[in-house]
Each structure stands twice: as structure tokens, then as C-alpha cells.
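Trainee: I would like to go through the terms used for this structure and check each one against its rule. Please show it first.

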Amino acid sequence: MSDTHAQSVGFVQKTQIPPSPPPAAETGAFKWMRENLFSSTANAIMTILGILAIYWFASFSLPWLLNGVWDAENLSQCREILDGTSGACFAVIAERWNQLIFGFQYPSEEYWRPFLAFLLLLVAAAPVLFSKLPRKMLIFTGLYPFIAFFLIWGGSIWVPVFALLGFVAGYFAFKKLEKQSFAMGFFGGVIAAFAFWWVSGFITPDLSRIIPIDLPAVPSRDMGGFMLNLILGTVCISLSLPIGILLALGRRSQMPLIKWICVIFIEFIRGVPLITLLFVANVVLAYFLPPGTTFDLILRVIIMITMFASAYIAEVIRGGLAALPKGQYEAADSLGLDYAQAMRLIILPQALKISIPGIVNVAVGLFKDTTLVSVISMFDMVGMIRGPILASTDWNGVYWELFLFAALLFFVVCYGISQYSQWLERQLNTGHSR
Amino acid sequence: MTDTATDISSVNPEQMKVSDEVAIDIRNMNKWYGTFHVLRDIDLTVYRGERIVICGPSGSGKSTLIRCINALEEHQKGSIEVDGTKLSSDLKNIDKIRSEVGMCFQHFNLFPHLTILENCTLAPIWVRKTPKKEAEETAMHFLEKVKIPDQANKYPGQLSGGQQQRVAIARSLCMKPRIMLFDEPTSALDPEMIKEVLDTMIELAQEGMTMLCVTHEMGFARQVANRVIFMDQGQIVEQNEPEAFFNNPQSDRTKLFLSQILGH
């Protein structure tokens, strides 16, 4: 250090000791094992017991997995091939692949449509998930819901086109009226959109006849398999996040009426099991609707799951909002930002970042909960396995293979979501580290 | 207001003279927290270009007073007029006053998710609707003035406390405020960083900015203030020119406070 220090101790370091490698016994796998696996007698015993447990598990599961039969017509043929040896009958997955993925009623010549919709989903989600991608890709993300609807459900192209134009009309009305006040712009936009949809309801049938651009229509009850889980999961997660944010802000609102509506909604939904809500969607909702209205079952289920998830997300985000120091609100206020600007630019980016683990938790849970629709006799992946596949004479009794496959598919998606969230957290980790 | 391009060193001391124009007018202002009477009958007129230092023991209401001026706290009785605009519960009114009044906090309150430059350009872009490029030029100008232009693309968490507080000052200045409020700007800083922040504030004062500053830096008060206000238990106990205030305090409470704060 400084020379004063050297003088006070009476010592001066004159040479620099060159760096040298550590002793050989202190490096490599041997050292790691000695330190981590056999550091004490208890540790060594635990290590050996652990290895034995792994061996025991592998000794019966590995032959079962590796000896699996992939090519067979039905279970009895499968058993013949195995001839008494241990082995899985994965042939069911190969033979019923299309049913597991698309359900048993989706017309097979149209399988390319949901598959294309899935590929486009990856494109549409990319700019939302990765901020480094060009922002212009978000235009496609905005169009995607209408494209996906047209691809999966088919029918006349004019239905999604007019639905999209309704949103455009609402947006322009909002922009026009926003200058007077935000509330006026908001309600003006909503009214304009609904007016547009109402009018287009008269035009669509005729226009579809004059200019018929359409795909063969597939009704909602024909949706099934993992496709149904993906549809429900994607739609509900993307809808429940904005609704959850609004509910969380509403719950912290200064206005008592808004606050109490949000509190009652959140507390009610959180106090009710999802399965109850799904039964309500399936059975009870029909009583409240005017007779003769056919209200799409998937839409009813989407509404219920979205309400359920948004209540949970609202609570997660409320936690994030409460965790922000009061000074952030004050600094935003003192600069003259209005409420909407302060929330959008200062408060929410930080609160959402804090809430990422919780939101991902809800999203993963929600995606897995979509299998609950099998209880209200919708044929999602689990519904397909429990119903048509296991009930068939060909494959009666192949539980392990099918549910293992279902578990694997869900695991891949959920683990992917979880890994993405951890990556995102690292990306956003700017402020607190020096 | 001083042109932003003015070189500080060329400012004539004569320009520091206080005008007759009223910047802030507080009349008979009272505030309660629940039933606790925090501010009692505050009367205060601040003239354009004045530098006022407010001191007093903790809990005396000095921070609350300046937070009332930009409506971070509501007052329940009396009136506050800033730049001729009367503070009411009308949100438009409050936002207008807030965009004219800059404020620096004890804990800086920079936005940790934005870079230093973005911290400075955010309000001009969204509140003043300044084009981004122009806002960035202004921001760089003020960052140069507080002597940290090279940190513009870092995040607040990467800066020292003193640097953060100077960024906070620059962020306020980017809105071209006519009045600056400081709420104990140096209380959370290490001694060596206090000086760099005070130097920035002194420069600002020399340019003729109207300043209200809650601080315990009595040296700063002596050097810069043209009025020192002493508050205790929610009241303004004494106010005077710094020379008279420090050398010849009138009330016993002030004398006791000064002996405690200057005594060591």
C-alpha cells in the first residue's frame, strides 16, 4: 500500500511472487468427491445408500423404458412381442398420437391448421418474451389472435376480420376522445367497437356469400387433446395478466367503489375451487342465459379460468406494488407524471419485475389446471386418455405409458416457462447490484 | 429564469439579488395527521430567487411543510399559492404545480430500472412532450453541470450516493423548474459526498434559482441562504437573515437548538 504504512511496519515487499497452480491432490473429480460425497462417515453412508436407491429404481425402470415396444396394433399384440419380459407399451402413443394431440373429432385432413397456428404462436410470442427482437414484430403479435382463431376454428374469414376492425375502430375512437379525458376516450372506444361489431353482424353473412373466403368450420366441441390444453393455457394466461394488473391497481385505488368491487371479486374467486367454477361454466351458466342462445363451451371455460387466474395474479402483483418504496411513487408524483404515466412508466415495470416468480407460479399452475376440464367432459389430453383411449378394447390398461407421456409434455412446457422466467429475472436485474 | 447555457463562473453576484415577485405564498396553513396537529398556522412568503434554509429538530414538521408545497402531502386548512396557481384538490392543478417545482429527496428516489439518462429524460418527454432527442440534449447538459455526464448510460444502483443525489438534482432541473425543494438532500450521505452535493446546490443558488432547503448543513445555510427558518413543534419559531440568525438568535428554543447543533 502506501509508503507511510510500510514505514510504520518497517517492511517493504520488493518482489512479486509469480502465480503457480495448486497441488494436484487439491483439484479435479477426486477432490470434489472427497469433499462432497465422503467428507464424513455419515456422509459416506448417505452416499452409498443414495447410490443403492438409484440403482434399485433404475434396475426396474430402465429395462421397462428401454425394452419398450413402439410398434403394435393393440395391447395384446404388444404383450406378445414382449413375451413376458419387462417392457413398456409405447405403441399406444404412436398409434393414438393424433388423438392425444388433436382430440378424436378434429378432422384429420385439417390437422395442418392447428399445427400452423402453433408454429405462428411461437413467432407471435417471441417479441413479447424477448425484448431484443425488433419491435415491429409486435404488429404480428397483435394480429395473431385473429389468425389463430381463423386457422383453428375455420369458417368465414370475415368474422375475425370484422372482429379485428372493431378493435381498430375502438382504438381510433379512443385516440380521438382521449385528448378530452381518459375516461371519455375509454368509454368512447368501447362503444365504438361494440357498435361496429353490432353493425358487422348484419353484413357478415351476406359478405361471406358474395366473397367466400373460408376454411371448413370446426365447432368447439370437436377441439381436444393437448391442443385444447394449449389453447386454454395460452388464451387464459395472456388474458389474466392484464386483468390481474387492473384488479391489483383497482384494489389499491383511492376510490372506494372501485376498490370494493375489486376486493369482493378477488376474495370471492379465490375462495372458490376452480372445479366449481368449471361446473358453473358447464351447467349453471346456461340457466342465466336467454333461452336459445348457444354460448360456446370453450368460451365459457376460458372466462372462468381467466377469472380464477386473474384473481391470483392480482394478489401477486399487489404484493409487488406494496414492496416498492413509497419514494418511487413520490418521485413520480413530484415530476408531474399523472397517475397513468406513473403507473405505466415507473411503478408497474418495477412491481411486475418483483412479481415475476409469483406470476410464473400462477401461469404454470393455470396451464396444468387446464386438465381439469376433463371433469366436465371436455376431451383435453387427460380427458382423451381417461375416455376414448383407455376405454377402447385395444388399449384398456396402458396407464403408465399414457400418463407418463402426458406428464412429459406438461413438464416440457412448464419447465420451459420456469426457465424463461429465471432468465428474464437475470435480464431485468439492473438496479440493485453495484 | 436563468438561461441554461449561462456559464456559472460568469454570473455576477449582483444577479443574486432577490426580486419582489412572489414565488410561493403560504397563508395560515394547517395540517393534521389524523388528530395530530403537525403544522400550525404557517405563514410564509417566498420571493423569486430567494434561498431559504429550513432547520429544526426532527418531528418539527419541516419536511412536511415543503412536501405540502408540491402536494405530496395534503393540507387541511389555509392556502398555498405557487407561481400564482392555488393548490386545490384538482389533479390538473396539482400536476401543473408539480411540473414547475423540482424536488430532491433524502433517499434520492431515482428510478432503479431506468438508466441515468432515461431518469432525466422521462418527465420532459411524457409531461412536457419534448421530442426525445431534445430531451436527451437537455439531460446531457444538466448531467454535465452536475459533473457526471460519463455515467449517463449506467443504472442508479451502480453509482455512489453522492452521484445519485446529483443525478436526482439533474433530473429535477431537466423539467426547467422555477422553484426547487430539497428535503434533507445530504442526510443519507457519507461526509465526503456531502460536499459534492452541496457544491452543486451552491452553483444552482448562484444562478438565481428559488430554493427551499430542509437541511442541517449550517455551513451551507450561512454561505447560501438569504433567510433561515427555524421550526419547532409544527410552528415557525424564528426566521432571519443567516448572519443574524446564527449570531444573535432571539428565542430560547432557537438558542438551545443552535447550541446543540453547533456545539461540538
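Trainee: How many salt bridges does the rule find across the interface of chain A and chain B?

Mentor: Two salt bridges are found there. This is a predicted model, in which local features need pLDDT of at least 70, side-chain atom pairs count only at pLDDT 80 or more, and totals for chains, interfaces and linings use all residues. Residues are numbered from 1 along each chain as its sequence is written, chains are lettered from A and ligands numbered from 1 in the order in which they are written, and side-chain values use heavy atoms, with hydrogens and water left out.

Trainee: Why is the pair B:R67 and A:E330 called a salt bridge?

Mentor: The term requires a side-chain nitrogen of Lys or Arg within 4 Å of a carboxyl oxygen of Asp or Glu. The closest N and O atoms of B:R67 and A:E330 are 2.6 Å apart, so the pair meets the rule.

Trainee: What area do chain A and chain B bury between them?

Mentor: About 2,100 Å², with 60% of it on carbon and sulfur atoms. Buried area is the accessible area (1.4 Å probe) that two parts lose on being put together, summed over both, so the figure covers both chains.

Trainee: How many residue pairs between chain A and chain B are in polar contact?

Mentor: Six, with both residues at pLDDT 80 or more. A polar contact is a pair of N or O atoms within 3.5 Å; within protein, one must be able to donate a hydrogen and the other to accept it, and residues adjacent in sequence count only if both atoms are side-chain atoms.

Trainee: What does the salt bridge between B:D43 and B:R27 tie together?

Mentor: Their closest N and O atoms are 3.2 Å apart. B:D43 lies in strand 2 (residues 36-47) and B:R27 in strand 1 (residues 22-33) of chain B, so the pair ties together parts 16 residues apart in sequence. Over all chains the structure holds 30 salt bridges.

Notes:
Helix = DSSP H or I, 4+ residues; strand = E, 2+ residues; numbered from the N terminus.
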